[in-house]
Amino acid sequence: MAQQTVKFSRTDSAKFFRTLNKRVNNYFKENNIKKTGNWKLYLKAVIMFTLLLGPLIVLLTVNNIPGWLQIISMMVIGIGMAGVGMNVMHDANHGSFSSKKWVNKLMGSSIHILAGNDYNWKVQHNVLHHTYTNIQGHDEDIDAGRIIRFSKHAKWLKIHKYQKYYAFLLYGLLTVNWAITTDFKQTYQYLKRKLSYGDFPNPATQWTKLIIGKIIYYSIWVVLPLVLGYTWWQVLIGFLIMHYTAGMILSVVFQLAHVMPNTEMPLPDADGNMKNTWAIHQLFTTSNFSPKSWIVEFYTGGLNRQVEHHLFSNISHVHYKNIAKIVRETAHEFSLPYNEYNSMWTAITEHYQQLKQLGKKPNMA
């Protein structure tokens with residue numbers, strides 16, 4: 001069965017996005033700054049890569065490291081893995097890390113040492129998620145298979161009654177799936193559907209890049225430690241700790257932006273038409289959290305400000321804090337929502353409540 005074509009409304013009588021876009025552009029013009037990254041982002045890149053690779057170098061070159069310190073080191077690597085993903089790879093694959101394309105391509109390719117693949121990521125994230133945010137059957141980021149129900153439009157199963165207890169435990173498996181199965185499935189599906197972000201890749205080239213990327217990835221994180229003397233079970237435990245830490249962080253940050261009581265999950269009508277324009281749709285389906293926490297903003301790569309990111313993904317996250325006031329005031333001026341939770345804890349609590357609500361049998365909700 002062919003997938004329904006979704007069409008966003010082109011009618012915005014109040015001209016919300018045209019007004020907002022003009023104001024944001026004026027901010028950059030008046031302050032004479034580029035929309036891409038700056039020294040702050042480049043410094044963060046150094047910090048995040050140090051968190052990712054520093055502990056690995058120590059583990060591979062220093063003898064007789066205590067087991068407890070090995071565990072902590074792998075957790076730090078996981079924190080670095082998520083940090084590189086959110087701060088470096090994410091901006092780069094949106095084309096906002098640098099004004100130079102080759103720099104974006106280089107930094108974007110860091111996804112290969114994070115267990116992912118740039119073609120797959122760009123299709124899933126840039127094309128499907130950013131275009132069809134929170135639309136069941138189109139946005140794969142709200143599709144957790146049968147095990148977790150993220151949308152009221154997804155099929156309800158008895159097991160979902162307990163998802164409020166087990167969902168968070170499963171979040172840590174996100175990047176493990178990337179490393180083992182997800183990339184192969186996505187490449188097959190996306191090439192078959194002829195999806196791409198930019199030029200459509202030659203299928204043979206994409207499969208070759210994917211396989212070479214996995215060889216490099218496993219050589220760094222599995223083969224090298226084995227060659228240098230670690231036992232298979234030490235490598236396995238370390239691998240799982242690293243990925244579980246990264247997966248937990250990345251999953252929670254995403255869920256707090258989209259699977260919340262204050263975000264909607266609208267569906268198109270029978271003809272595939274959406275009620276709102278694309279920009280207004282983003283306001284209804286996205287939420288911010290911890291806007292005043294510098295450490296949350298610093299580490300998550302501005303992904304605590306998903307409203308700004310979804311409206312202006314071509315702008316580096318280092319500028320989101322400065323344009324947030326413009327976005328908030330313009331949304332309110334046009335009587336549109338600007339979803340935001342003041343603290344991360346409040347957002348996590350609300351996400352738990354949403355999981356609980358979605359776990360109820362539909363006629364009991």
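This is a predicted model: local features need pLDDT of at least 70, side-chain atom pairs count only at pLDDT 80 or more; totals for chains, interfaces and linings use all residues.
Let's start with the space. Rolling a probe the size of a water molecule over the atoms shows where empty space is left. In this model, the largest pocket holds about 1300 Å³. Its lining has 45 residues. Look for Q124, E140, D141, L174 and W178, which lie nearest the centre.

Which elements give two or more residues to that lining? They are helix 3 (67-93), helix 5 (118-131), helix 6 (163-171), helix 7 (174-192), helix 9 (232-258) and helix 12 (306-311). Helix 7 gives the largest share, with ten residues. By type, the lining has 19 nonpolar, 21 polar and five charged residues.

Now the second largest pocket. Its volume is about 580 Å³. Here 18 residues form the lining, and K105, D118, K122, Y197 and K209 lie nearest the centre. At least two lining residues come from each of helix 3, helix 4 (101-108), helix 5 and helix 8 (203-227). The lining divides into four nonpolar, eight polar and six charged residues.

Among the buried ones are D118, W121, Q124 and H125. What covers them? The cover over the buried residues of helix 5 includes helix 3, helix 7, helix 8, helix 9, helix 10 (278-285) and helix 12.

One last detail. N117 caps the N-terminal end of helix 5. A side-chain oxygen of N117 sits 3.1 Å from the backbone nitrogen of Y119.

Notes. Residues are numbered from 1 along each chain as its sequence is written. Side-chain values use heavy atoms; hydrogens and water are left out. On a 1 Å grid over the protein atoms alone, a cavity is a set of points where a 1.4 Å probe fits but cannot get out, and a pocket is an open set with protein on both sides within 12 Å along at least five of seven lines; lining residues have an atom within 4 Å of a point. Grid points are joined across faces, edges and corners, and a volume is the space filled by probe spheres set on the points. Helices (H or I, at least four residues) and strands (E, at least two) are DSSP runs, numbered from the N terminus. Ala, Val, Leu, Ile, Met, Phe, Trp, Tyr, Cys and Pro count as nonpolar, Asp, Glu, Lys and Arg as charged, and the others, Gly among them, as polar. Buried means under 20% relative accessible area, exposed over 50%, partly exposed in between (1.4 Å probe, protein chains only). Contact means heavy atoms within 4.5 Å. A polar contact is a pair of N or O atoms within 3.5 Å; within protein, one must be able to donate a hydrogen and the other to accept it, and residues adjacent in sequence count only if both atoms are side-chain atoms.
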